[in-house]
Amino acid sequence: MASTQQQRYILVERRDDGIAVVRINRTDKLNAMNLDVIAQLSSAMDDLAGDDTVRAVIITGTGEKAFSAGADIEYMSRISPLEAEEYARRGHAAMSKVENLNKPVIAAVNGYALGGGCELALACDIRIASRNAVLAQPEVGLGICPGWGGTQRLARIVGVAKAKELVYTGRRVNAEEALSMGLVNRVVELPQLMDESIAVAREIAKNSAIAVRVSKMLINRGVESDISTGLALEVWGWSLCFTHPDRAERMSRFLQKR
Ligand code: CAA
């Protein structure tokens, strides 16, 4: 699993409006994610988790062609089953860091989101796609199953029947079809993609960070639990918000305006 390249494959821009833009920057390979990309993505998530000035994160791909073309096929063509296990584990760890980041993550899907690229988008909270976006889980055509969460998160987002169709056929779906099946939240023209993603992130950022954080945690844990467990967690999460000064300030602001 030796990894020698020291290139910067993940670029993080911290904006002064509390939004961080994370760009996968490996355009010559359509932002395919090798071990270095995965490691740098993981480390970017760790940094952002510890930065309270960041209230929402946008992940996108550099260039106009690809969000990410997935795991690195050249690398996968020559690895052993044990190395494959490690690649899957590291991919999973990175996707889980995105999914469980203590602030919302928006995928700005700016072109191909294939295999691991689609799985990265699935780990984000909200997906906004440009009209030229193409999403697919084409792994079975390469003799493997989806390996960075696609067999699990896709079904939870679009339902079991659609997920099975997409995974078994590997069929590419365009942005409109992705929207119709709930795979993406909205579709905009490519030149508007970042503005639209930033607008959504700003809408989130104006709200109480702790309340958004607790909401994210409750929704993520809730979909994995039976409803009574999810509702019990909600009681704790809700009352936890009352320990934060933000709640008192925001409520009294509301009352004073009256
Ligand atoms: N891994 C490694 N390199 C990739 C790549 C990938 N996933 N996708 C594209 N590239 C490379 C190409 O090899 C090519 O490199 P060279 O210029 O050095 O030859 C470069 O990126 C440009 O790609 P193309 O010439 O193929 O561009 P295109 O416009 O003709 O086609 C495409 C674009 C349809 C996205 C095509 O590149 C493609 O099908 N890519 C593979 C997509 C894929 O199957 N992804 C799933 C990977 S498996 C996975 O992700 C497993 C998992 O669950 C974790």
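Q: How far apart do the C-alpha centres of domain 1 and domain 2 lie?
A: In this predicted model, the C-alpha centres of the two domains are 27 Å apart. Domain 1 covers 2–205 and domain 2 covers 209–257.

Q: What makes the pairing of domain 1 and domain 2 a contact, and how many residues does it take from each?
A: Contact requires heavy atoms within 4.5 Å. Domain 1 contributes 11 residues to it and domain 2 contributes seven residues.

Q: What area do domain 1 and domain 2 bury between them?
A: The size of an interface is often given as the accessible area lost when the parts come together. Here that area is about 710 Å², with 44% of it on carbon and sulfur atoms. On the domain 1 side, Arg55, Asn100 and Asn102 supply 47% of the area buried against domain 2.

Q: What about Gly147 and Asp28?
A: A backbone N or O atom of Gly147 lies 2.8 Å from an oxygen atom of the ligand, so this pair counts too. For Asp28 the distance from a backbone N or O atom to a ligand oxygen is 3.5 Å. That value sits at the cut-off, so it still counts.

Q: How much of the ligand does the protein bury?
A: Taken alone, the ligand exposes 980 Å², and the protein buries 67% of that.

Q: Which residues and elements surround the ligand?
A: The shell holds 24 residues, and the closest are Lys29, Lys65, Gly116, Glu119 and Glu139. Helix H2 (73–76), strand S6 (112–114) and helix H4 (116–123) each supply at least two shell residues. By class, 13 are nonpolar, four polar and seven charged.

Key
Residues numbered from 1 in each chain as written. Predicted model: local features only at pLDDT ≥ 70, side-chain atom pairs only at ≥ 80, totals over all residues. Heavy atoms only, no water. Near = heavy atom within 4 Å. Polar contact = N/O pair within 3.5 Å; in protein donor to acceptor, adjacent residues only side chain to side chain. Areas by Shrake-Rupley, 256 points an atom, 1.4 Å probe, with all protein chains shown as cover. Helix = DSSP H or I, 4+ residues; strand = E, 2+ residues; numbered from the N terminus. Nonpolar A, V, L, I, M, F, W, Y, C, P; charged D, E, K, R; others polar. Domains from an automatic or database assignment. Buried area = accessible area lost by both parts, 1.4 Å probe.
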